[in-house]
Amino acid sequence: MRMNVDLPGLRLKNPIIPASGCFGFGEEFAKLYDLSILGGIMIKAATGEARFGNQTPRVAETAQGMLNAIGLQNPGVETIIAEKLPFLSTFDTEIIANVAGSTPEEYIEVTRQLSADPTVKAIELNISCPNVKCGGMQFGTDPVMAAELTRRVKAASSKPVYVKLSPNVTSIVEMAKAVEAAGADGLTMINTLVGMRIDVQTGKPILANRIGGLSGPAIKPVAVRMVYEVAQAVDIPIIGMGGVRTVDDVLEFIYAGASAVAVGTANFENPYVCQEIIEALPARLDSLGIDHILDVRGKAYAQLVSRP
Amino acid sequence: MRRDVTIISNQQIAKATMEMKVRCPGVTVAPGTFFHIKTSGLLRRPLSVANVEGDIVTFLYKVVGEGTTELAGKRIGDVLDVLGPLGNGFPLEQYGKRVVLVGGGIGVPPLYYVRRKLQAMGIETVAILGFDSKDSVFYEQAFRELGETIITTVDGSHGERGFVTGPLARVEADVLFSCGPEAMLKAVATSSIPERYLSIENRMGCGIGACFACVCQAPDGYVKVCIDGPVFKAEEVLL
């Protein structure tokens, strides 16, 4: 027991969680390894009705990263509850349901339904998707709107609510404080950075949506910095993410102040990456002389504070 | 599903077109399926299978960007990290009839493996292969050894001038298997051949159905090219 992490609503056997949108509803990965080894699973965003998402191309590779503009394609909350959660309930892992919407009412209704399902242990409030015209990031870039939505979703939820923060803001600390004050039980951060690639043969953006969310190793330093700043400013726990693909990436986020870590894009490059990180963690903790992984949480700033 | 394979040859066979053979012990590959190949880039590259002989799997690929340029620079003995075989291929077993194979450009390769399999099953085939020009034609002789083969080039520098749709209009068959650029698939999808199967290409993310990147429009929403395809009945997709 040197990797377990207890967070609001979540008893994680280890701090490794596949990130929402990068793991579907687990079915594909369950063919590759036992999902019960995972600390938890952040399932693909749910909306009130089924969404078909954006036109293709939906992905474009970048240096050490990728852009995506999927557009929240999902079968809708009722189908997710009826057809996806029963399968996920067969695994010994904590299910975190990502909730998206175009209006506050949609967020609230989807949260109400998902949080009522016993398989769901926590809600991840997605106010940071850059790839939809309505809702999504617009709620996540204005602290007043973000706080108001958090308050209403929290009131509708029978499970703890983690707010997923967008990095596309001037002050992520201000956003974090706003949603904490509005009752958020935790934060997940960061979502993707808005970006674009242009095909020089055609002179046009590669993505059909024109802009997309940048993820992968390219954004890790941004994510680590943001976790580092926010962790010192709030009292609620943070699940950190952004470019994680190795055990040392995980430790960087923990040192920066995260209590658990989500793995996103790396699942596309190597579908076994979460399993490999979990297997590699104990030996790495040994080699660094760390007893429990949370012993180093926030040590990156704690050391600075205590330096004479 | 993930394995390391060793390159035993990697050579240019036509304009910007490479043939790579890898040793892949113990693998069973259905014609029309693909492998997802790791390069130094973040995302893997999906490559169709052009042939399987014993433990040797052949990929043909066009050098178009960073990933395929890197692959083209690989040498004999280099090891590749691959996922696969992935997806659903052409439904060979159902047809004891005459099959027309229609390929365009870098969509031609999977049809070679298909044709070898069909020939082994005693099924008669005719191949119509379209290329831009003479210097981009590949595997012509290999296809001819397996049966009637019609080559078209857009500029008329080899075979018939024009597109595959010209010869297709005069060919009689019960089933059509096709792979190639979207414009070509669109044209052959409405041909008069009673049963038509299309292999679709798209930019992929994970290759295993989780990321929803490589979707294709279908009559009732979207299908995922990587796990619902890449081979679809013509009626199953809207191109």
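Trainee: Which strands does helix 10 of chain A lie across?
Mentor: Helix 10, residues 273-288 of chain A, lies across strand 3 and strand 16 of chain A. The helix runs at about 180° to strand 3 of chain A. Keep in mind that this is a predicted model.

Trainee: And what's the strand order in that open sheet of chain A?
Mentor: The order is 3-16-15-10-9-8-7-4, for 8 strands with parallel pairing. At the edges sit strand 3 (16-18) and strand 4 (40-46) of chain A, each pairing on one side only. From one strand to the next, the twist averages 25°.

Trainee: Which strands does helix 8 of chain A touch?
Mentor: Helix 8 (residues 247-256) of chain A packs on the sheet and touches strand 3, strand 15 (238-241) and strand 16 (260-263) of chain A. Its direction makes about 140° with that of strand 16 of chain A.

Trainee: Back to strand 4 of chain A. How many bridges pair it with strand 7 of chain A?
Mentor: There are 5 bridges, in the parallel sense. Strand 7 of chain A covers residues 94-99. Within strand 7 of chain A, A:Val99 stands opposite A:Ala46.

Trainee: What holds paired strands together in general?
Mentor: Backbone hydrogen bonds, in either a parallel or an antiparallel arrangement.

Trainee: New topic. How many residues does each chain put into the contact between A and B?
Mentor: Chain A gives 26 residues and chain B gives 19 residues. On the chain A side, helix 1 (27-30), strand 5 (59-62), strand 6 (65-68) and helix 9 (266-269) each supply at least two residues. By type, the chain A side that touches chain B splits into 12 nonpolar, 10 polar and 4 charged.

Trainee: On to chain B. What domains does the assignment give?
Mentor: Domain 1 is 2-86, domain 2 is 92-199 and domain 3 is 200-239. The centres of domain 2 and domain 3 of chain B, taken over C-alpha atoms, are 22 Å apart. Their contact takes 8 residues from domain 2 of chain B and 8 residues from domain 3 of chain B.

Trainee: Which elements of domain 2 of chain B supply that side?
Mentor: Helix 5 (182-189) and strand 13 (195-199) of chain B supply at least two residues each. The domain 2 side that touches domain 3 of chain B divides into 4 nonpolar, 1 polar and 3 charged.

Trainee: What does helix 5 of chain B lie across?
Mentor: Strand 8 (99-104), strand 9 (125-131), strand 12 (175-179) and strand 13 of chain B. Helix 5 of chain B runs at about 170° to strand 13 of chain B.

Trainee: And the order of the 7 strands in the chain B sheet?
Mentor: That open sheet reads 11-10-9-8-12-13-16, and the pairing is mixed. Its edge strands are strand 11 (160-161) and strand 16 (231-233) of chain B. Strand 10 (residues 148-153) of chain B runs parallel to strand 11 of chain B, joined by 2 bridges.

Trainee: Last one. B:Pro167, buried or exposed?
Mentor: Buried, because 21 other C-beta atoms lie within 10 Å, and the cut-off for buried is 20 or more. B:Pro167 is in helix 4 (residues 165-168) of chain B.

Trainee: What is B:Pro167 in contact with, beyond its neighbours within four places in sequence?
Mentor: B:Ile128, B:Ile150, B:Thr152 and B:Glu160. By C-alpha atoms, B:Pro167 and B:Lys38 are separated by 38 Å. Along the chain those two are 129 residues apart.

Definitions and conventions: Residues are numbered from 1 along each chain as its sequence is written. Chains are lettered from A and ligands numbered from 1 in the order in which they are written. This is a predicted model: local features need pLDDT of at least 70, side-chain atom pairs count only at pLDDT 80 or more; totals for chains, interfaces and linings use all residues. Two residues are in contact if their C-beta atoms, placed from the backbone, lie within 7 Å. Helices (H or I, at least four residues) and strands (E, at least two) are DSSP runs, numbered from the N terminus. Ala, Val, Leu, Ile, Met, Phe, Trp, Tyr, Cys and Pro count as nonpolar, Asp, Glu, Lys and Arg as charged, and the others, Gly among them, as polar. A residue is buried if 20 or more other C-beta atoms lie within 10 Å of its own, exposed if 12 or fewer, and partly exposed in between; C-beta atoms are placed from the backbone. Two strands pair if DSSP finds at least two bridges between them. Axes are lines fitted to C-alpha atoms, for helices over the stretch in contact, and angles run from 0 to 180 degrees between N-to-C directions. Domain bounds come from an automatic or database domain assignment.
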